[in-house]
Amino acid sequence: MDMDEMKDYIMNFSLNDCEPHGNQGYKRVLLQLFGYLGHGKSSFINTCKYVLEDGKFKVHADVASSDGGKTTRRISYPLTSNITLVDNRGCASMSDQETGEIYAQLGNLLPLDEEVLWQTGYQGIMKRLVQADKDANYTDFVVPIFVYSVKKGISHEEVPDIKILLDNAKELTGINPTVVLTFKSQGNLTNVEKQFRRIGSDNIFKLENFTQTDNLKIRSRHEAVLNFLQEVLKDVEFRMSLKRNPKDERADRKEFVLGFAHETDVKEKNRTKEEELAKKSALAMRLQRENERKEEELRRKEDELRKAQETSCTIQ
């Protein structure tokens, strides 16, 4: 397809047209972005909006002024009447606490356009999910999109954590996450892409985000964005050709998140117990060494006293 055909396909995409079962209860496609703070998720949204909309470049998603990231809410940005991008809150690390929140966002179990506060413990997440169930959304077809900045580079230490995150996102949503590598010309693209392929990422798209200071319309950059959106929607069509049940799938996602949160809670409690036992053991060893020192000091004094008494007797 040329660019006009790709754009026409995207703008007119509808779940109602999926064969042979139609929409099966789904109303829109939710492209859920996730990943680290400051890796270009908000810029990517601005880029997609710019490519699909005619006119000048606009800032729809507030871009970080530093590497720290600015998004703290699950903010929705409609691309069409049937496709919405979601800028989920990024995580600074891959701690179980933060990734638990990421999974709750990815599972579409938390309401859109509300603040995301990192929760601690199983009870915190469970309470939020129960509250969200009052207005549960069963009609979004969830597609996970992992955004990673090439200019950040990628270390060998990061790769295992990223693999776990992507594997869990796949298990949670039933879809292998699409990887979008942003800032492709500002780092070692070959190495970053190689690392993602090593951990099983097949759907990888490489592109440059448009920004307020770099928004000259270039065919190749527009084409890369259109190709990404088209391929994601084709995969949605393929998956919609199978029988699906939106309510059952949401229930499965909720079960996964609660299971992960409970497992994390148990690990944290066990870790705390182990730390307490280690502290008690260290304290016991210190006390033992102190007692041994005191006993040795007492023996030394007794020996000195004995020798003094022996010397006194000899003189007499």
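The following exercises, with worked solutions, concern the predicted model shown above.

Residues are numbered from 1 along each chain as its sequence is written, and side-chain values use heavy atoms, with hydrogens and water left out. Because the model is predicted, local features need pLDDT of at least 70 and side-chain atom pairs count only at pLDDT 80 or more, while totals for chains, interfaces and linings use all residues.

**Exercise 1. Overall form**

Task: Determine which secondary-structure pattern the chain follows, and set its radius of gyration against that of a compact globule.

Solution. Step 1: The chain holds eight helices and six strands; helices (H or I, at least four residues) and strands (E, at least two) are DSSP runs, numbered from the N terminus. Step 2: In sequence order the pattern reads α-β-α-β-β-α-α-β-α-β-α-β-α-α. Step 3: The radius of gyration is 29 Å, whereas a compact globule of 316 residues would have one near 20 Å; the radius is taken over C-alpha atoms, and the globule rule is 2.2 Å times the number of residues to the power 0.38. Step 4: The C-alpha trace spans about 120 × 45 × 30 Å along the principal axes. Step 5: Of the 316 residues, 44% are buried; buried means under 20% relative accessible area, exposed over 50%, and partly exposed in between (1.4 Å probe, protein chains only).

**Exercise 2. Backbone exceptions**

Solution. Step 1: Most residues other than glycine have a negative phi, and most peptide bonds are trans. Step 4: Phe 183 has a positive phi near 50°.

**Exercise 3. Salt bridges**

Solution. Step 3: Asp 133 lies in the loop between helix 4 (121-132) and strand 4 (140-149) and Arg 250 in helix 8 (residues 246-315), so the pair ties together parts 117 residues apart in sequence. Step 4: Asp 133 is partly exposed at 26% relative accessibility, whereas Arg 250 is buried at 4%. Step 5: A network of salt bridges links Asp 133, Arg 250 and Lys 254.

**Exercise 4. Pairs within a helix**

Task: Find which helix contains both Lys 163 and Asp 167, and which contains Arg 306 and Asp 303.

Solution. Step 1: Lys 163 and Asp 167 form a salt bridge at 3.1 Å, N to O; both lie in helix 5 (residues 158-173), four residues apart, about one turn of the helix. Step 2: Lys 163 is partly exposed at 33%, and Asp 167 is partly exposed at 35%. Step 3: Arg 306 and Asp 303 form a salt bridge at 3.8 Å, N to O, and are three residues apart in helix 8, about one helical turn.

Conventions. A salt bridge is a side-chain nitrogen of Lys or Arg within 4 Å of a carboxyl oxygen of Asp or Glu.
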